[in-house]
Each structure stands twice: as C-alpha cells, then as structure tokens.
Amino acid sequence: MIILKKILLLVIILIPFNVKAISTSAQSAILMDMDSHRILYAQNINEKRSVASISKIMTAILAIESGKLNDEITIGSEINKSYGSGIYIKKGEILTLRDLLYGLMLRSGNDASYAIANYVSESTDRFVNDMNKKVEKLKLKNTIFNNPNGLDEEQGNYSTAYDMAIITSEAMKNKEFRKIVKTKKYSLKTNKNTYIWYNKNKLLNMYKYATGGKTGYTKIAKRTLVNTASKNNLNLVVVTLNDGSDFKDHKAL
C-alpha cells in the first residue's frame, strides 16, 4: 500500500494536468446565479463605470411596473433631445407603452426612452428620480442614473457589473420583461409608419439557452452587455463592461 501511494504521488508530480481557466476580455465581468445571487465568476465586479444602454433594463422594468402597458401614447417634442440609436418615431405618432418597450429593448431606441420616461413619470427628471429610488430599494451602493438611456456625452449612468447583475435579476422576475427581452422580431404598424424590429442581442441566435439581455455602446463606456440563460432550473446572468469580445465571452461563461 505504501509503495502504491508513492507511485501515485510520483505520477501526480511528473504528469502535468491541463486546467482550463475562464477569462474574458472585459474590464469588469460577473457570472451570477439569478435566484441565489451566488457569484460564479468575478472580475472587478465593484468597479464603477459608465454602462451605456444596458441602463435601459431599469427603464424597462419601471415602465412595466407602472401598469400602463396598454396605454396609447402620442409622441411629443420630448424625443427632440434624442440622438444615437433610435427607432425613429415621429411627433404625433401613436404607440402603446408596450410597443415603445419593444423598441427600447430590441433596438435600443433612445427616442423611445424619452417617450417612456415622459409618459410614465410625466417628465424625464421625475423618471430618473424613480430609477434612483429603485436603486435604493435594491440597496445598491454603486449605481447612479442621470438619464433613461445611458447616453454619456454630458452626464451618463454609472454602475458596476455586480449592481447590473442584481438589477437584471430583479427585472427577470417579471413575466412581461422576460417576454420582451427574449423576442427576436417585433412588427408594428402605427398611424405614421410600419416597423419591423430585430433584436440586437446576437446571443439569442448564438446560444440556445439564452433567455434575453441588453446590448450597449458609447465612446466612453465602450461595449457593455447583459445576458441571461437558463438550463435545468439554473438561471444565470452575465454582465460585461468594456469588452471587445462580449458575445464570445458571454457564450463561454
């Protein structure tokens, strides 16, 4: 027995084992169990950074919780301050709040975010205040919202990989939110236009267990991405901030 143990020890010493380590290209990254909040992978998860359009996860859940999804909204001049990505709605166009949410989450419509904020809270400033109240309710210490979309040329939205994972986990508890972010294609006809929106989140087509998420990009934040996936009752969320290989990293994680 002693000789056998010595042989085994010698084998362990002489024969190298290949251990495949997980790594990402992100400045910050997290893989979290959405139900237990157990952290499975962490990289600078509490580093505060500009988060760009993944901010719209908070915008969407507040809009859904308002209970006004079927309300028809006449688009006003609030969309005039929008720039960057949009769904190109026009003043006087009529859409439901639900329609605007699909434009917000599938196409990252900054114009949709202003229309949503103006309708749900009667002004963008009040809506942003409601976003930060939700942050306080979730007891998050490193998140501040200054607009409903993540544009950061003037005053952007700042959070961490950890905080965004918690916000996403909270949002994914809502059935309507889960339905929207998993949708690959949405068609709509309004009084002014006909739209077909395809989801920008490529992981929905790359990974069969993907259940939704949100893309983001600005020159300051770089590429930001949130994704969720479920298999055998295990529900995970991945957040990466400033990651040039984000979809590849999300699939690997």
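Reply: Strand 9 gives the largest share of the lining of the largest pocket, four residues. This is a predicted model, in which local features need pLDDT of at least 70 and side-chain atom pairs pLDDT 80 or more, while totals for chains, interfaces and linings use all residues. Residues are numbered from 1 along each chain as its sequence is written, and side-chain values use heavy atoms, without hydrogens or water.

The volume of the largest pocket is about 310 Å³ (the space filled by probe spheres set on grid points joined across faces, edges and corners). A pocket here is an open set of points on a 1 Å grid over the protein atoms alone, where a 1.4 Å probe fits, with protein on both sides within 12 Å along at least five of seven lines; lining residues have an atom within 4 Å of a point. Of the 19 lining residues, Ser53, Ser85, Lys200, Gly216 and Tyr217 are closest to the centre. Two or more residues each come from strand 9 (210–218), strand 10 (222–231) and helix 9 (246–252) (DSSP runs numbered from the N terminus: helices H or I, at least four residues; strands E, at least two).

The structure also holds four aromatic pairs (ring centres of Phe, Tyr or Trp, its six-membered ring, within 6.5 Å; stacked under 30 degrees, edge-to-face over 60, the rest tilted). Tyrosine 102 and tyrosine 186 are stacked, 3.9 Å centre to centre with 5 degrees between the planes. Tyrosine 102 lies in helix 3 (residues 97–107) and tyrosine 186 in strand 7 (residues 185–189), 84 residues apart. Tyr102, Tyr186, Tyr195 and Trp197 form one aromatic cluster.
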